[in-house]
Amino acid sequence: VYNFNPGPAALPLPVLERVRDELLDYKGTGMSVMEMSHRSQEFSRILEEAIARIKRLLKLDDRFQVLFLQGGASLQFCMVPMNLALTGKPIDYIDTGTWSSKAIQEAKILGKDVRVIASSEDKEYSYIPGNFSVDEDASYLHITSNNTIRGTQWKSFPNTGGIPLVADMSSDIFSRVFDPSPFGLIYAGAQKNAGPAGVTIVIIRKDMLERVPPELPTMLKYTTYAEKNSLYNTPPCFAIYVVGLVMEWLEEEIGGLEKMEAINRSKAEMLYSCIDEIEMYRGTAHPDSRSMMNVTFRLPTPELEKKFVEEAAQRGLVGLKGHRSVGGCRASLYNAVPVEAVEKLVEFMREFARNN
Ligand code: PLP
């Protein structure tokens with residue numbers, strides 16, 4: 001099928017084939033990666049290679065360290081403020097919808113001093129705010145680079161004037177090129193663009209580790225993962241292995257993030273122009289803020305939307321239902337969704353509009 005699921009999402013077919021081929025016997029070891037010691041030489045190579053590829057793809061220099069955690073992006077909503085908030089310095093957030101709101105909520109639960117310096121709540125989170133100023137007394141500024149549910153995305157990142165930027169990049173990491181230098185920390189659940197669920201990628205600028213309060217529980221401190229190269233306890237080995245294969249696919253088959261971005265741009269443009277052209281469809285995100293990853297749109301009635309999703313699925317175009325909190329339709333066009341899938345979707349959308 002052509003898989004437009006929002007996450008867990010499609011994985012590149014060559015990666016799945018490789019996983020299948022290596023499942024029972026990883027490179028002549030006579031075992032699956034699932035059965036291997038996380039302290040073995042083979043796994044150590046898998047881990048190092050995944051890290052090296054992530055660093056190359058994102059052009060991270062040695063100021064940054066790549067960590068593998070568990071607990072999803074949702075655990076980062078509280079780990080980030082626990083580790084990086086400075087005493088007497090508020091944490092600034094920009095609220096662009098569900099995921100930022102949840103991150104804000106977790107910091108509040110911890111009793112942190114939270115300032116929401118901009119929000120797009122006034123228009124149902126249909127845009128990325130442009131009018132705000134970052135205060136230099138903040139601990140850091142937190143943003144969600146892509147709002148998976150509303151289909152909005154930061155086109156360029158805010159200038160923070162030296163305050164570390166922290167981003168939840170769960171739904172657009174590895175989809176485009178960006179300059180990592182303003183970031184103090186980036187986190188992403190792997191299950192959209194990077195691999196299977198079960199591993200969370202955290203990229204931390206090493207100087208941020210100095211902020212980690214020593215009294216935090218061991219597993220909730222970034223220093224624990226940084227000092228032991230993500231091997232303090234048993235990491236999600238198999239998920240890390242698949243992440244490594246996805247990174248290899250990105251580097252060696254796609255040819256890097258510039259190429260990936262161009263492909264993603266052309267897929268998104270194809271779908272948005274269909275939406276703009278045909279009266280039956282209405283894009284929900286403001287055109288300036290439209291996401292290349294999650295394309296959200298409505299049809300005139302919920303009944304038609306239901307019919308659209310069902311008929312699309314019968315054609316092998318699956319996962320087009322909007323998030324349950326907002327309704328409507330959503331096509332997630334992550335890296336592994338081929339151009340051909342979007343061509344088929346657009347063809348179906350034209351036909352559906354003609355027939356209905
Ligand atoms: N952040 C964003 C932007 C997301 O899209 C999601 C899930 O869809 C999450 C966080 C939650 O991630 P997890 O399920 O890994 O906790």
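UniProt, in an unreviewed entry, lists Lys-192 as "modified residue: N6-(pyridoxal phosphate)lysine". The model discussed here is predicted.

Me: Happy to start there. Where is Lys-192 placed among the strands?

Reply: Lys-192 is in the loop between strand 9 (183–189) and strand 10 (200–205).

Me: Why does Lys-192 count as buried?

Reply: A residue is buried if 20 or more other C-beta atoms lie within 10 Å of its own. Lys-192 has 30 such neighbours, so it counts as buried.

Me: Which residues is Lys-192 in contact with, leaving aside its neighbours within four places in sequence?

Reply: The partners are Gly-7, Ala-9, Ser-170, Ser-171 and Tyr-334.

Me: What makes a set of residues a nonpolar core, and how many residues has the largest one?

Reply: Its members must be buried residues of the nonpolar kinds, joined through C-beta atoms within 7 Å. The largest such core has 99 residues, and those with the most contacts inside it include Leu-185, Ile-240 and Leu-333. Helix 6 (residues 237–254) gives the most to this core, with 12 residues. The core also draws at least three residues from each of domain 1 (13–254) and domain 2 (256–355).

Me: Which residues does Leu-333 touch, not counting those up to four places away in sequence?

Reply: Leu-333 touches Asn-264, Lys-267, Ala-268, Leu-271, Met-292, Met-293, Val-295 and Val-342.

Me: How do you know how many residues of domain 1 and domain 2 are in contact?

Reply: Contact requires C-beta atoms within 7 Å. By that test, 23 residues of domain 1 are in contact with 25 residues of domain 2. Helix 6 gives the most to the side of domain 1 that touches domain 2, with 3 residues. The residues of that side divide into 8 nonpolar, 10 polar and 5 charged. Taken over C-alpha atoms, the centres of the two domains are separated by 27 Å.

Note on methods: Residues are numbered from 1 along each chain as its sequence is written. This is a predicted model: local features need pLDDT of at least 70, side-chain atom pairs count only at pLDDT 80 or more; totals for chains, interfaces and linings use all residues. UniProt positions are given in the numbering used here, feature names are shortened, and annotations may be inferred rather than shown by experiment. Helices (H or I, at least four residues) and strands (E, at least two) are DSSP runs, numbered from the N terminus. A residue is buried if 20 or more other C-beta atoms lie within 10 Å of its own, exposed if 12 or fewer, and partly exposed in between; C-beta atoms are placed from the backbone. Two residues are in contact if their C-beta atoms, placed from the backbone, lie within 7 Å. Domain bounds come from an automatic or database domain assignment. Ala, Val, Leu, Ile, Met, Phe, Trp, Tyr, Cys and Pro count as nonpolar, Asp, Glu, Lys and Arg as charged, and the others, Gly among them, as polar.
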